[in-house]
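Here is a set of questions on helix packing and on a pocket. Read them with the model open.

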Amino acid sequence: MRVAVVGATGAVGREILKVLEARNFPLSELRLYASFRSAGARLPFRGEEVPVEPLPEGPLPVDLVLASAGGAVSKAWAPVWAEGGALVVDNSSAWRYEPWVPLVVPEVNRERIFEHRGLIANPNCTTAILAMALWPLHRAFRARRVIVATYQAASGAGAKAMEELLRETHRFLHGETPKAEAFAHPLPFNVIPHIDAFQENGYTREEMKVVWETHKIFGDDSLKVSATAVRVPTLRAHAEAVSVEFERPVTPEEAREVLREAPGVEVVDEPEAKRYPMPLTASGKWDVEVGRIRKSLAFENGLDFFVVGDQLLKGAALNAVQIAEEWLKGA
């Protein structure tokens, strides 16, 4: 299996390399591509230093492309790579909403992998983390309405955003006024209810991604979803407070039992021992953490819970590699 990572020097690209190595992904050749600005760098993989090449025009000499170089690059070149014979797993938003492109979380809709036409889309990180907890509950008790408030880490905006949070926090702590480049406002000691562009309906595009992508991944447009996306001054792992109304009666105990059996989910729900999902404990972890599971005070057949997942992993790099792994296994 000849594999290319496009956008290899970015935050997600570097995580893809770590995941490929940690999961012992079967590859015979690895090609790393990035912009001309980043070309010439060398990245570690399996005890060696692999050179980063400038992304060429035209097909790539590989069987699998794991792309994380942004929507403009993927929009322009993913079809070319696919026509050249490679399967493209794209981490950008460029192809997620095309009806013919599968949008996949393997634990939810693995079967869609085998309907691809050379291109498979990775979901938005917020949606992927939500889906891991919501899908097993939806399958067991049939969700009707979902309300989500997100607490999204700086890394969701990329490596430079993480650097900005650290740099500007240092400035703040030394009596200087923090600046904002990656975010709409300074992030240190702040929360910003604004991620991506505002839409005509008053929601941001990040919030609407949760709606659109949940519908597509679940294959159910009847599910009512509403989200508020907030950037918080953490480095890694997105957190989400979720309220769900179900068609069928459900107790917190029943929900915990279902989630304990769900692949990729770790139930961390011992409030008396101060154990619940947190970015500090979920960072670097392949599974998403789910806890604070309790009966809703607003919905008759409802639950409230808190889910945290490393958006560079299950929200991006890990999910992409898992798609490739399932593709290799076959239908």
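Q: Is the crossing of helix 1 and helix 9 left-handed or right-handed?
A: This is a predicted model; local features need pLDDT of at least 70, side-chain atom pairs count only at pLDDT 80 or more, and totals for chains, interfaces and linings use all residues. Residues are numbered from 1 along each chain as its sequence is written, and side-chain values use heavy atoms, without hydrogens and water. Helices here are DSSP runs of H or I with at least four residues, numbered from the N terminus. A crossing is left-handed if the near helix is turned anticlockwise from the far one by less than a right angle, and right-handed if clockwise; for helix 1 and helix 9 it is right-handed.

Q: At roughly what angle do the axes of helix 1 and helix 9 cross?
A: Axes are lines fitted to C-alpha atoms over the stretch in contact, with angles from 0 to 180 degrees between N-to-C directions. Angles under 35 degrees count as roughly parallel, over 145 as roughly antiparallel, 65 to 115 as roughly perpendicular and the rest as oblique. Helix 1 and helix 9 are therefore oblique to each other. Their axes come within 9 Å and cross at roughly 50°.

Q: How do the residues of the contact of helix 4 with helix 7 divide?
A: Helix 4 and helix 7 (residues 252-260) pack at about 120°, their axes 9 Å apart. They are therefore oblique to each other. Helix 4 uses Ala 133, Pro 136, Leu 137, Ala 140 and Phe 141, and helix 7 uses Glu 254, Ala 255, Val 258 and Leu 259. The division is eight nonpolar, no polar and one charged.

Q: How do the residues of the contact of helix 4 with helix 6 divide?
A: The axes of helix 4 (residues 125-141) and helix 6 (residues 205-218) come within 10 Å and cross at roughly 45°. That makes helix 4 oblique to helix 6. The contact includes Trp 135 and His 138 of helix 4 and Lys 209 and Glu 213 of helix 6. The residues divide into seven nonpolar, four polar and three charged.

Q: Which helix supplies the largest share of the lining of the largest pocket?
A: Helix 1, helix 2, helix 5, helix 6 and helix 9 each supply at least two lining residues. The lining divides into 16 nonpolar, 20 polar and eight charged. The largest share, four residues, comes from helix 5.

Methods
Contact means heavy atoms within 4.5 Å. Ala, Val, Leu, Ile, Met, Phe, Trp, Tyr, Cys and Pro count as nonpolar, Asp, Glu, Lys and Arg as charged, and the others, Gly among them, as polar.
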